[in-house]
Every structure is written in structure tokens, then in C-alpha cells.
Amino acid sequence: MARKPLPLKMLQTLEAVVRLDGVSSAARELGVTHGAVSRQIAALEEWLGRALFERDRGRLRPLDETREFVAVITDGFERMDAAMGRVATARRRLKVFAHATFAMHWLVPRLEQFYALHPDVDVHVQTRQTGEDPALAFFDVAIMRGSEQIGNWESSSVLQETLTLLTTRRHADTLAARGVAALLGETFAVSDTRPGETERWLEVARLPPLQKWRVRRFGHFHTALMAILNGQGVAVGPIELTMGKTAEGALAAPFPQIVAPGPRHVAFIDPHSESYPMAKRFVLWLAEAANAAERGV
């Protein structure tokens, strides 16, 4: 059954007149004229089909039933005001779509910094695998790698990867002491999600091509990373996304001077989306966080 529309403006006027004990005081609070208040009261009485006041020489005296009615109205307005306040201050969810390695090793460790600046936003991170179609998922921000694009969405550069050789701290110390030639005979952990990167680094290092080395292949880079953390060789990976592991002492770069350019991470947001202002704040923070990380802050 359809709910009959309530005359909210009339009820607001009635509540103010009874609470403030007078038409003049109600008019001042509501920012209207004395006559406008009187007309709203008359219209409400007509809507209800009964009088709400006794008229005594131009003064309105609310009936007992009217005071009881207004007590319910006041309680209702206070409840609505409190509910609106809760809705207005509730944390708003921002769905972020990102590659698993970027999300696990760069974004998630820094999210507390974003929350400290924007406590009203709840970031929900959804990871994706390379090649997975982002159009099949709903998101507010998509952080893509390389030349990936999303229609006519607004794009902002986040960070540029730098590739280097990575292995355990202990093994890195041994290799660094012996030089690049000590790599001969090593096993390279290579991931399907980052094709061509190991080959690029070997070329910069002036070492034989990948087919000349022992190789262990993994579906994803973070799996390859786990392999080398467990002593299963070396891997070429992005410095920017493995800083946490190097800071912990778990990973190290035996030849940090030998680097190759990696892909760029770009954030995409829909300029026509309702979430655009919130998404824009997040993207600006991403760029600031990346700049701070590059400066070592």
C-alpha cells in the first residue's frame, strides 16, 4: 500500500511554533514571515480537518492533543537528524582494482597512511591477474601496468618500475663478493605475468640470453618471489614493489647498479562517476606516496 506523502514543511512549522511558544519566534528560526507561519498552520489544520490551537486575541494556544502530537514530531525530527548525521559521517567504500604484486607489496603496506589523511574512506582492494579483463569487474579506481588502457577514463601516472636482480640477503652477499660472473650456473625464477623482464635485465647486464640458463617458471611473480625467498635461485623484479622485503632483510640486490627499465603503473578513474571526487583524492595520494617512497621518506 502506498504511503501518503507527509506535509513536512507544515509539520516543521507546527513543531517550531509549539516548541518556541509563539509564531514570531518560529518565524525567526525558520527565516520566514509571521504571515507565512500562520498560513502553514492554517493549511495543516485544513489538511488534518481539525483545529490545533485555541485562538485568544491573536495568540495561538496549542491544545493538549497538539502538544502530544508535537512531542512525536519533535522526536521524529531528532531521529532523522541523528540518522542523517550518521549517514553523512559514515565511511564511504572505494573499490580499487590492482595487480596482485602491486597491491600486496606496495599499496596495502601504505594504506594506513591514506586512512590517516582520509578517515572517511574505506578502501576495498581487489587484486587481478595479468590478462584478466578489468571490464568484468566493478571498481572506482583501476591501477594498470604497462600500456593497458580503459576507454576514455582519466589517467594518472603512479610510479615507474626499475628492474634489478633479487635473491636472499645471504646469497646476495655471496654473489656481490664474487661479481656478476658468479651468476653462471644460477637458476632464474621467471613468472608468466611479467614476460620479457628477465631477458631485458640479462641484456643490460651483458649476460647470455635466458635460454642459456636454468629456469623455473611460475604463474605469478609473487610465487616466483616465494621461491627465491626459500633459496631457489634468483629473480629479476621491481625495486619499488619489493622495498618491504629488502627493508626486512629477506631480499637483497647483489648488483644494484645493474638495472633495467620496467613498466609504468597508471591509475584510471571515470570522470563521470559519482565516486570521482573520492577516487581523485585517492589517486592524488597514490602519486604523493610514490614520490615520497622514491625520496626515501
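Seven nonpolar, four polar and three charged residues line the largest pocket; Ala, Val, Leu, Ile, Met, Phe, Trp, Tyr, Cys and Pro count as nonpolar, Asp, Glu, Lys and Arg as charged, and the others, Gly among them, as polar. The model is predicted: local features need pLDDT of at least 70 and side-chain atom pairs 80 or more, while totals for chains, interfaces and linings use all residues. Residues are numbered from 1 along each chain as its sequence is written, and side-chain values use heavy atoms, without hydrogens and water.

The pocket is an open set of points on a 1 Å grid over the protein atoms alone, with protein on both sides within 12 Å along at least five of seven lines; a cavity is a set where a 1.4 Å probe fits but cannot get out, and lining residues have an atom within 4 Å of a point. The volume of the largest pocket is about 230 Å³, a volume being the space filled by probe spheres set on points joined across faces, edges and corners. Of its 14 lining residues, Leu159, Gln160, Glu240, Ala290 and Glu294 lie nearest the centre.

As for cavities, the search of the whole structure finds one of 30 Å³ or more. The largest cavity holds about 50 Å³ of space, and its lining comprises five nonpolar, two polar and two charged residues. Among them are Arg194, Glu197 and Phe221.

Finally, the surface. Leucine 6 is exposed, at 55% relative accessible area, where exposed means over 50% with a 1.4 Å probe, protein chains only.

Conventions
Buried means under 20% relative accessible area, exposed over 50%, partly exposed in between (1.4 Å probe, protein chains only).
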